[in-house]
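Subject: Handover of a structure and notes on it

Dear colleague,

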Amino acid sequence: MPHYLDFEKPIAELEGKIEELRHLGGDSGVNIADEVGRLQAKAEKLLRQSYGRLTPWQKVQVARHPDRPHLVHYIESLIDEFTPLAGDRAFGEDRAIIGGIGRFRGRPVMVMGQEKGNDTDSRIRHNFGSARPEGYRKARRLMLLADRFGLPVLSLVDTAGAYPGIDAEARGQAEAIARCVETSLSIEVPFVAAIIGEGGSGGAIAIAAANKVLMLEHAIYSVISPEGCASILWRSAEHAKDAADALKLTAQDLLRLEVIDSIVPEPLGGAHRDVPAVIQSLGDALETALLEMSEIKGGVLRARRRDKFIEMGRAGLS
Amino acid sequence: MNWLTNFVRPKIRALVRKADVPDNLWDKCPSCGKMIFHRDLEANLRVCQHCGHHLRLDAKRRLSMLFDDGEYQRIELPKVTLDPLRFRDRKRYADRLKEAQARTEEPDATLVAHGLIGGRPAVVAVFDFAFLGGSMGMAVGEALIAASRLAVLQQAPLIVVPASGGARMQEGTLSLMQMPRTVIAAQEVKEAGLPYIVLLTDPTTGGVSASFAMLGDIAIAEPGSIIGFAGARVIEETIREKLPEGFQRAEYLLDHGMIDMVVPRHQLRETLIRILGLLRNPRPSAEVVALPQAGIEIPADAAAAAAGEGAQGDR
Ligand SMILES: [Zn+2]
């Protein structure tokens, strides 16, 4: 039973009917097959219509969809010989961020990112993808390791934000994120980041100051959650929808603002409707991005990465 | 680099700004609640004479407090696209900006100045909390990049004084991008071998703390300042617990190893002068050491001695 979002109700009804008809089954024969085909065409048209013009708030929900593929799914399909590496060598192992070495389409890489978890147990184990300082210090360690051995870094971003807790603050959440950004801008290897779900604030940019930043078609990337923004600026979380509009957090808006470099298309109805397809298209996009950088020297890669961020937002000024 | 040639003419500031309030007014200390004669509070650098609480200091006052004789030169900062998202909540961001500009008579939340501190050149970037809570958008990012490049050009240390609630959310993800941009600004100063000092003041939180503000070669904080990543309210709502006494205060960060020192406002300048003096110790020019080259005959006894050393090392 798929999980339907609020705005998918009409689609859910149609698909429910299709299931019912299928259960009625074989005896009544041809008529039912025709009816199923007709309803399927209708459902697909409806999907195409609603996903063709998702509002920012609808995209927020798609980006947070419980069945949306997460980091572990991408690693499983795209990375051979994946060898997870653990720990920040200072305090602990934060499973909100997973990373390690492996082979991506033949070449060794460092891959890392936030993992939200897929059921109650794994969500708790991964703290819903919200990392503490240890997670960011581990990410930093992995980037430095990649730099030492010339491994390109692939960073998949999917987090509501860094974890806001007493322990996280006590151990220097701000410093850990700052240091992670600093290292992102220091390494001399190709660095590609992809926002695959939620790109939540400082917790996201910590591992996304990359040469190329890709974004899935219905992912979001924002300085604050729409709910948080609404409760501050509108003084009510009920305005989350308005905040989502105002924040310009969609891939389409961010490409126009030149905050991201390209959009990776999702299958019809969102990544969760065809997981192998979205993994394939992200894989292709990551490979293209890496190939573009394969001949560029490390120092140049670093300089270009910095220049990109320095120039960001300046366009349009005389 | 047009901003470099566009230095504003030197503006000599009086040590104490012309008070816009009559001298006979009283202020109430937000910490101990006692009444303080306004003139006394200003003369005491806005530190409560009863309890030592540090009230917020405006940006220009901060600059005159730090530079020798209160003299400094401001630089004109690069223009930025105002309101890039045409953001509107209950109010237009464009209107909020105009109001803040009218109130503070400044284009945005960061001022950059250069001058002498303890007789040595220094560049200072200071945040004005009164300008939309010192929030960081494109203009603040540009200010810090300009400050960093001026410091490198002058081979002077950079001192940054944040007072900011974090990113300016009305600039959306572009405000988030000021985190990497300001980190690069800090990196450029550090990579030029120049001191990068951060003076954390109340408050330093969110995206500001999680970028340039936590990367100082030396981190100094004013007593009682709130410094941290997540806001207290967000943390309380997440963990449903009361926060411990003194949480996210400067002293708490000192105890947790996140900053070097907590320095009262009256001792800041002398502390800075001492640190800058110590960090500016010029390196001795490297002594040229001749390395043995191929083809050069090594005397037998020297070769034997070297071999003996090697053997010792192996043991
Ligand atoms: Zn007091």
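In chain B, B:Ala221 has B:Val262 of strand S12 as its bridge partner. Strand S12 covers residues 261-262 and pairs with strand S10 of chain B in the parallel sense, over two bridges. Two strands are said to pair if DSSP finds at least two bridges between them. Strands (E, at least two residues) and helices (H or I, at least four) are DSSP runs, numbered from the N terminus. S10(B), residues 218-221, is also joined to S8(B) by four bridges, and these two strands run parallel. Within S10(B), B:Ile220 is the bridge partner of B:Leu199.

Please note that this is a predicted model, in which local features need pLDDT of at least 70 and side-chain atom pairs count only at pLDDT 80 or more, while totals for chains, interfaces and linings use all residues. Residues are numbered from 1 along each chain as its sequence is written, and chains are lettered from A and ligands numbered from 1 in the order in which they are written.

Chain B

The secondary structure of chain B consists of twelve helices and twelve strands. Of its 315 residues, 41% count as buried. A residue is buried if 20 or more other C-beta atoms, placed from the backbone, lie within 10 Å of its own, exposed if 12 or fewer do, and partly exposed in between. Among the contacts in chain B with a separation of 6 or more, 69% are between residues 24 or more positions apart; a contact requires that the C-beta atoms of two residues, placed from the backbone, lie within 7 Å.

Chain B is divided into domain 1 (2-17 + 58-283) and domain 2 (22-56), with bounds that come from an automatic or database domain assignment. The centres of these two domains of chain B, taken over C-alpha atoms, are 24 Å apart. Ten residues of domain 1 of chain B are in contact with six residues of domain 2 of chain B. The side of domain 1 that touches domain 2 has five nonpolar, two polar and three charged residues. Here Ala, Val, Leu, Ile, Met, Phe, Trp, Tyr, Cys and Pro count as nonpolar, Asp, Glu, Lys and Arg as charged, and the others, Gly among them, as polar.

Two loops of chain B deserve a look. B:Pro203 lies in the loop between strand S8 (196-200) and strand S9 (204-205), and the peptide bond from B:Asp202 to B:Pro203 is cis, with omega near -15 degrees. B:Leu132 is placed in the loop between strand S6 (120-127) and helix H5 (138-154). Although B:Leu132 is not a glycine, its phi is positive, at about 45 degrees. B:Leu132 counts as buried because it has 23 C-beta neighbours inside 10 Å.

Chain A

Chain A has 14 helices and eight strands. Of its 318 residues, 47% count as buried. Its domain assignment gives domain 1 (6-53) and domain 2 (60-311), and 36 Å separate the centres of these domains of chain A, taken over C-alpha atoms.

Strand S1 of chain A (residues 79-84) is hardly covered, as the count of buried residues among its six residues is zero. S1(A) runs antiparallel to strand S2 (residues 97-104) of chain A, and four bridges join them.

A:Lys248 lies in the loop between H11 and helix H12 (251-256) of chain A. Its phi is near 55 degrees, a positive value in a residue other than glycine. A:Lys248 counts as buried because 23 C-beta neighbours lie inside 10 Å.

Yours sincerely
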